Amino acid sequence: MKIEAITLREIHMPLVHFFETSFGRTYSRRILLLTAHCDGVDGWGECVTGEDPFYSSEWIDSSWITISRYLAPVVVGHLIGSGREVPNLFGKVRGHRMAKAALENALWDAEAKQKNVSLWKLLGGTRKEIACGVSIGIQDSVEQLLERIQTELAAGYRRIKVKVKPGWDVNVLEKIRSGWADITLSCDANSAYTLDQAEHLRGFDQFNLLMIEQPLWHDDIYYHARLQKELRTAICLDESIVNARAAAMAIEMGACRIINIKVGRVGGFSEAVKIHDLCHESKIPVWCGGMLESGIGRAHNIALSTLENFRLPGDVSASKRYWKEDVIDPEVEVSPRGLITISDKPGTGYLVKQDLIEKLTVRQETIRG
Ligand code: OSB
Ligand code: MG
């Protein structure tokens, strides 16, 4: 297919409820959407960068300029057979994986539409429904957190993940476990601890957690391996798994027993599938992480989650948990059993609400050949 032009759009969407991690609180999202105009078909992608370079070094403004100046010009005006070819074309640009993923994924979406197949089948997925969990941020009080957990369990979600940081951890996990002894529970530190706190982290072992996500530095694998030897709880790596090589290293070193795959963090679907396959061969279960995406990124996460080794519930939850109105039709819905049913329609199976996107757009740029 010929890539005629790429359109970038920034949309603003307030969250239904703020989201707080160990690095800060977000009330409203600035989201970068990308449209690839290919032979009469539009492929959509979402750049999952945050408003600030806090989760990773990329942020919405760095991604915008990287795509506009370096990545889009590489593909615009060219013929591309498949999304699979894209990573090689971006080889000269170091890093900027979330920016690369937005463009690569839009081209996978366009390819699926061109071929009239569903994106999940094109990616090699097999699951007809996927299991959903929720990620619950730090709240103003433990009571508020317990209320939110109650609400999500009642909605059917199969795994509760809570954000932790020093001062909001053992005390909070204790209260959760005294209310719900048997639920599948995990926690995510987003790099809030150091190896000196290993003894403190060992205190998490008493809560029978499914995993503790990224306890140490965002770019570390070695010290996680040291920590994993001291913990009974499985470590799951998120931030530090930036590509398949990092995943291979983490597995070889015993730095984690579970991996969170975020398609943006690893640079696109091609690399995400590679990591999935590698983990599958190594018997490391994976699950799909989330970045507070609009429906466009969410639909891509759903497609990826259909691959076989996505054995654990992902942070892929219903649109209404985030937005008053999502930008796709239908919105993402989760059944009372905590499942999302996968559509057989071409592309993602979700239509983009172009009118709504127009209304939410605050800036736009089109890159032509
Ligand atoms: O570490 O998984 C994370 C959101 C922003 C940055 C980092 C993370 C998260 C989440 C959100 O946990 C999960 C979701 O999209 O619901
Ligand atoms: Mg995480």
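In this briefing, Ala, Val, Leu, Ile, Met, Phe, Trp, Tyr, Cys and Pro count as nonpolar, Asp, Glu, Lys and Arg as charged, and the others, Gly among them, as polar. The model is predicted, so local features need pLDDT of at least 70 and side-chain atom pairs count only at pLDDT 80 or more, while totals for chains, interfaces and linings use all residues. Residues are numbered from 1 along each chain as its sequence is written, chains are lettered from A and ligands numbered from 1 in the order in which they are written, and side-chain values use heavy atoms, with hydrogens and water left out.

**The largest pocket**

- The largest pocket has a volume of about 490 Å³, where a pocket is an open set of points on a 1 Å grid over the protein atoms alone at which a 1.4 Å probe fits, with protein on both sides within 12 Å along at least five of seven lines, and a volume is the space filled by probe spheres set on the points.
- Its lining (residues with an atom within 4 Å of a point) holds 31 residues, of which Phe19, Thr21, Phe23, Thr26 and Leu292 are the closest to the centre.
- By class, this lining divides into nine nonpolar, nine polar and 13 charged residues.
- Strand 1 (3–21), strand 2 (24–38) and strand 6 (160–163) are the elements that give two or more residues to the lining, strands being DSSP runs of E with at least two residues and helices runs of H or I with at least four, numbered from the N terminus.
- The largest share, four residues, comes from strand 2.
- Because domain 1 (3–116 + 353–368) and domain 2 (122–341) both give residues to the lining, the largest pocket lies between them; the domain bounds come from an automatic or database domain assignment.

**The second largest pocket**

- The second largest pocket holds about 380 Å³ of space, and of the 17 residues that line it, Arg97, Lys100, Asn243, Val266 and Glu271 are the closest to its centre.
- Helix 3 gives the most to this lining, with three residues.
- Domain 1 and domain 2 both contribute to the lining, so the second largest pocket also lies between them.

**The magnesium site**

- The magnesium ion (ligand 2) is coordinated by Asp188 (OD), Glu213 (OE) and Asp238 (OD), at 2.1 to 2.3 Å; donors are N, O and S atoms within 2.8 Å of the metal (3.2 Å for Na, K and Ca), and water is not among the atoms, so sites may look incomplete.
- Along the chain, these donors follow the spacing D-x24-E-x24-D.
- Glu213 is buried, with a relative accessible area of 0%, and Asp238 is likewise buried at 0%, where buried means under 20% relative accessible area, exposed over 50% and partly exposed in between (1.4 Å probe, protein chains only).
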